[in-house]
Amino acid sequence: MPEIKIGLEVHVQLNTESKLFCSCSTSQAEPNTNVCDVCLGFPGTKPVLNEKAVELAMKIGYALDCKINKKFLFSRKTYFYPDLAKNFQITQLETPIASNGKLKIGDRIIRIRRIHLEEDPAKIIRENNYVLLDYNRSGIPLAEIVTEPDLRSPREARIFLQKLQQILEFIYVSDFSKEGSMRVDANISITKYKNKYDYKKGWIKEKKEGGRVEIKNISGAKEVEKALNYEILRQKRLEQIKRETRLWNEKTKTTVSAREKEEEEEYGYIFEPDLPFIEISEEILNKIQSNLPELPETKRKRFLKYNISEEIIDTLLTDPELTRYFEYLCETHNEKASAILLAKYLKKTLNYHNLKLKDVKIEVRQLRRILDLMQQYLITEDVAEIILREMVNDYVKGKKIREPEQVLRDLKYEKPLEEEKIRKFVLDVIRENTKAVKDYQSGEKKSLDYLIGQVMKKTGRRVDPKKVKELLKSELD
Ligand SMILES: [Zn+2]
């Protein structure tokens, strides 16, 4: 078996209002309108560091168990390319914001080598025989998170990135709904072992180390897995693997050679003279650390105590807003019912429209009302789902979101049957299905579901199946 070592450099766009070294906006706009003398690199202009970006990068450092450098400086990485109007990029070489961290995936620990701040270059749009440049991107703050080569398979790289993204979402440092908010360079080296016959020693294993290949600029965790899988197949066929940089093509699902890999020294780094040593006070550091939101893994452990299935908890943990709503609902309602309403029904409806909870202005108060109606047996889970679907639909159509009761009135919803009426149907069904009743009483649990189904049918589904189950059991057990 070949030995695979994978390391990742993850570029994450930080969620700031303005760029890293100027006051230009980071929001979406017509190409080349969010620009100024600084981010276009006019002579004589000086960068001013965005404190918010430093704070967000430090939050990542704390979330990944890093050592935080409270004193750091910036460097100029010199290269000539049209996406870089200054001919250099301001980044950090010697003193990253944070270093020596870790992220656990399952029982494996992936070491984080460093986290540093840098500015994004402009966006290059390649057309058939010309190139367009959008300098709106130039100067957008990025945190680069670099791992040690601790990952052992493309699958593991994907799981690592998904976990990392989840953490970054929960500490509110990046908005992953924005295009290009996570871009990854993945490096991979493969050591092969070959059986070789030596006439003195007999069969021996010969070790053959391949050169480190870097695949640049892959967007998202799934693409990283695909690119690495392709790269392993490609390298397996080669006798000699040379050190180089390759590009991943999402359309053809292949990597192509870009250049022989250059060493970091070749970039001719110099200190950035316009940004001298920056020192963050102990007080600010403590504030950042103590205000760090609860991490998803800690939340998960806490939610498990509520007797909710892991699947439901994992769904809640796909979105920090869902967990926030969940905690609010738990203040007044049963944890399990709240979790199911959010993770099963609301999330399903949101997914259908490709929406996030934060986009849709459904209020906690309205969800509480739906839970009330369920608790009083006035609606079933099915009806709760229909109400949520209608409310999300209101949002999609640009209308004011209706109250749950209004939705019920508009649907001409008839109240479920009263208990005494349901009991009549239950007794009917028991009388008409003697075989199923006998089966159930002799230990065949499945027959109960059949009986519940029969009652539901008879009542035109205007009852809560839980209630039916309860009544049937009280008659038969
Ligand atoms: Zn600017």
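I began with the hairpin that E6 and E7 form, with two residues between them. In its turn, Gly106 has a positive phi of about 60°.

I noted the ground rules next. This is a predicted model, in which local features need pLDDT of at least 70 and side-chain atom pairs count only at pLDDT 80 or more, while totals for chains, interfaces and linings use all residues. Residues are numbered from 1 along each chain as its sequence is written, and side-chain values use heavy atoms, with hydrogens and water left out.

**Strands**

I looked up how E6 is paired. Strand E7 (residues 108-119) and E6 are antiparallel and share seven bridges; two strands pair if DSSP finds at least two bridges between them. Ile105 has Arg108 in E7 as its bridge partner. E6 (residues 98-105) is also joined to strand E2 (residues 67-68), by two bridges and again antiparallel. There I found Lys67 opposite Ser99 in E6.

Which strands make up the open sheet of three? I read the order as E5-E4-E16, with antiparallel pairing. Strand E5 (88-91) and strand E16 (270-271) are the edge strands, and each pairs on one side only. Between E4 (residues 75-78) and E5 I found four bridges. Arg76 stands opposite Ile90 in E5.

**Zinc site**

Which residues coordinate the zinc ion? I listed Cys22, Cys24, Cys36 and Cys39, each through SG, at 2.2 to 2.4 Å. Donors are N, O and S atoms within 2.8 Å of the metal (3.2 Å for Na, K and Ca); water is not among the atoms, so sites may look incomplete. The donor residues follow the spacing C-x1-C-x11-C-x2-C in sequence. The angles among the four donor atoms are 102 to 113°, and the site is tetrahedral (four donors count as such if all angles lie between 85 and 135 degrees).

Is Cys39 buried or exposed? I found Cys39 buried, at a relative accessible area of 5%, whereas Cys36 is partly exposed at 22%. Buried means under 20% relative accessible area, exposed over 50%, and partly exposed in between, with a 1.4 Å probe and protein chains only.

**Cores**

I looked up the largest nonpolar core, which has 65 residues. Such a core is a set of buried Ala, Val, Leu, Ile, Met, Phe, Trp, Tyr and Cys residues joined through side-chain atoms within 4.5 Å. Leu8, Ile60, Leu64, Ile145 and Phe160 touch the most other members. Helix H1 (residues 51-63) gives the most to this core, with eight residues. A second, separate core has 39 residues, including Phe326 and Ile401.

I then checked Ile145, leaving aside neighbours within four places in sequence. Its contacts (heavy atoms within 4.5 Å) include Leu8, Ile60, Leu64, Ile112 and Leu168.

I wrote down domain 1 (3-283), domain 2 (294-410) and domain 3 (419-476); the bounds come from an automatic or database domain assignment. The C-alpha centres of domain 2 and domain 3 are 30 Å apart.

Last, I picked Val455, which lies in helix H14 (residues 446-458). Val455 is buried, with a relative accessible area of 0%. Not counting residues up to four places away in sequence, Val455 touches Phe425, Val426, Val429, Val468 and Leu472. The C-alpha atoms of Val455 and Glu231 are separated by 58 Å, and the two residues are 224 residues apart along the chain.

Note on methods. Tetrahedral: all angles 85-135°; square planar, octahedral: opposite > 155°, others 65-115°.
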